[in-house]
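Please look over the structure below.

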Amino acid sequence: MTAATFELGLNSFGEVATDGDRTLSDAETVRLLVDEARLAESAGIDVFSVGEHYREGHNDSATPVLLAAAATATERIRLGTSVTVLSTNDPVRLYHEFATLDAVSNGRAQIVLGRASATESFPLFGYDLTDYERLFEEKLDLFLRLQQDEPVTWSGTVRTPLTGQRLHPRMRPGGIPTWIGVGGSPNSVIRAARYGLPLMLAIIGGRPQRFAGHVDLYTRALEQFGHTRQPIGQHSLGLVADTDEEAVETWWRYWQPVAAALAAERGFYKPDRARYAAEIDTGALFVGSPETVAQKIATVARDLRLSRFDLKYDIMHLPREARARTIHLLGSEVAPRVRELLAKEPNHV
């Protein structure tokens, strides 16, 4: 991967936005996401991705439908998922949805598969958390087989077997780009390498460089499994504004209550201003002016041998104007600056 082909993407979890003093409805937020995909394309962003969640304030529960709507509103930008919870999806249905998305978008679909950090989908769809690993492992095997084989014969323990099954519409030959999302588990890193799939690191707190060991593990494992080098990406949160001060104050206002709720729910650190400043300075928050954010992305790209960086730009109740400004600045100013910096000091990219 060269500096010129380094990719910048946007991730959304469908979080409810505000417009002035008014909170947008769920339906308005869904339509806003389609508008933001269009804006991302006009700004020169490479990939627009949507997550999969089932909690209050998130509107990304029907991701393929949302992405199909975005496909009809755009022409060039690639469309994918920041995470698809494979464990609680049926691989056959998932194949049909993303084959259709790929057809509608004329070959622009991709997907990031994960085991789930939020577990609401397990009781919602009738799955047992004790089957967490087995569900993902078997369903990943089937989803990849569906992309690569025709017809497909498969059997496992998590769904009914398939015998000589052909699915339609067919994906393009070889299937769509399929990444494995990893939140920190070495076993997940090795699994991605075993299948020869690209690796997406979800880094939402702490120094991103602490994942360097995962990158080394992934690189060694790819070689041992006989696979060629694969792309490595990073997903992190942040906001871009005209100045550092504006970005820092705006993001704090909306990030703090979300981080406080997660701290209570998952035992994370409590979000005080000192820790917040540290996360911006050396941690996993990419908040600042275009130059500040570009410098930080270029640094982690070198340190982690990244070929792609995705910014998760929406957070609960963030004003739609701030979201739009982030999208515009990321594409028009941050992306070209990152590529310029990496061209001067390419290191591992």
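Leu-167 sits in the loop between β9 and β10. Helices (H or I, at least four residues) and strands (E, at least two) are DSSP runs, numbered from the N terminus. At 5% relative accessibility, Leu-167 is buried. Buried means under 20% relative accessible area, exposed over 50%, and partly exposed in between (1.4 Å probe, protein chains only).

This is a predicted model: local features need pLDDT of at least 70, side-chain atom pairs count only at pLDDT 80 or more, and totals for chains, interfaces and linings use all residues. Residues are numbered from 1 along each chain as its sequence is written, and side-chain values use heavy atoms, with hydrogens and water left out.

Which residues does Leu-167 contact, leaving aside its neighbours within four places in sequence? They are Val-92, Tyr-95, His-96 and Leu-146. Contact means heavy atoms within 4.5 Å. Leu-167 and Arg-93 are 74 residues apart along the chain, and their C-alpha atoms are separated by 9.8 Å.

## Helix α3

Helix α3 covers residues 91-104, 14 residues in total. From first C-alpha to last it reaches 20 Å, close to the 20 Å expected at 1.5 Å a residue. The expected span is 1.5 Å times one less than the number of residues.

The buried residues of α3 are Pro-91, Val-92, Leu-94, Tyr-95, Phe-98, Ala-99, Leu-101 and Asp-102. The buried residues of α3 pack against the helices α2 (63-73) and α5 (132-148). They also pack against the strands β5 (78-81), β6 (84-85), β7 (111-114) and β9 (162-165).

## Positive phi and cis bonds

Most residues other than glycine have a negative phi, and most peptide bonds are trans. Asn-106 is not a glycine, yet its phi is positive, about 60°. Asn-106 follows α3, in the loop between α3 and β7. With a relative accessible area of 70%, Asn-106 is exposed. His-317 also has a positive phi, near 70°. His-317 lies in the loop between β14 (308-312) and α11. Its relative accessible area is 36%, so His-317 is partly exposed.

Pro-151 is in the loop between α5 and β8 (152-154). The other runs from His-168 to Pro-169, with omega near 0°. Pro-169 lies in the loop between β9 and β10 (178-182). Leu-167 is found in that loop too.

## Arg-191 in helix α6

Arg-191 belongs to helix α6 (residues 186-195). Is Arg-191 buried or exposed? It counts as buried, at 5% relative accessibility. Setting aside neighbours within four places in sequence, Arg-191 contacts Arg-115, Glu-133, Phe-136, Glu-137 and Leu-140.

## Aromatic rings and charges

The structure holds seven aromatic pairs. Rings of Phe, Tyr and Trp (its six-membered ring) pair if their centres lie within 6.5 Å; planes under 30 degrees apart count as stacked, over 60 as edge-to-face and the rest as tilted. One of the pairs joins Trp-252 and Trp-255: the ring centres are 6.1 Å apart and the planes meet at 45°, so the pair is tilted. Both residues are in helix α8 (residues 244-266), three residues apart, and so separated by about one helical turn. Trp-252 is buried at 16% relative accessibility. Trp-255 is buried at 7%. Ring pairs link Trp-252, Trp-255 and Tyr-276 into a cluster.

Arg-273 lies over the face of Trp-252, 5.0 Å from the ring centre. A charge sits over a ring if NZ of Lys or CZ of Arg is within 6 Å of the ring centre and within 35 degrees of the ring normal. The charged end of Lys-296 sits over the ring of Phe-286, 4.8 Å from its centre.

Helix α11 (residues 320-344) has 25 residues. It reaches 35 Å between its end C-alpha atoms, close to the 36 Å expected. A kink of about 45° is centred on Leu-330. The bend at a residue is the angle between axes fitted to the seven residues ending there and the seven starting there.

UniProt, in an unreviewed entry, places the feature "domain: Luciferase-like" at residues 24-301. UniProt positions are given in the numbering used here, feature names are shortened, and annotations may be inferred rather than shown by experiment. The span is 47% helix and 15% strand, and its end C-alpha atoms lie 35 Å apart.
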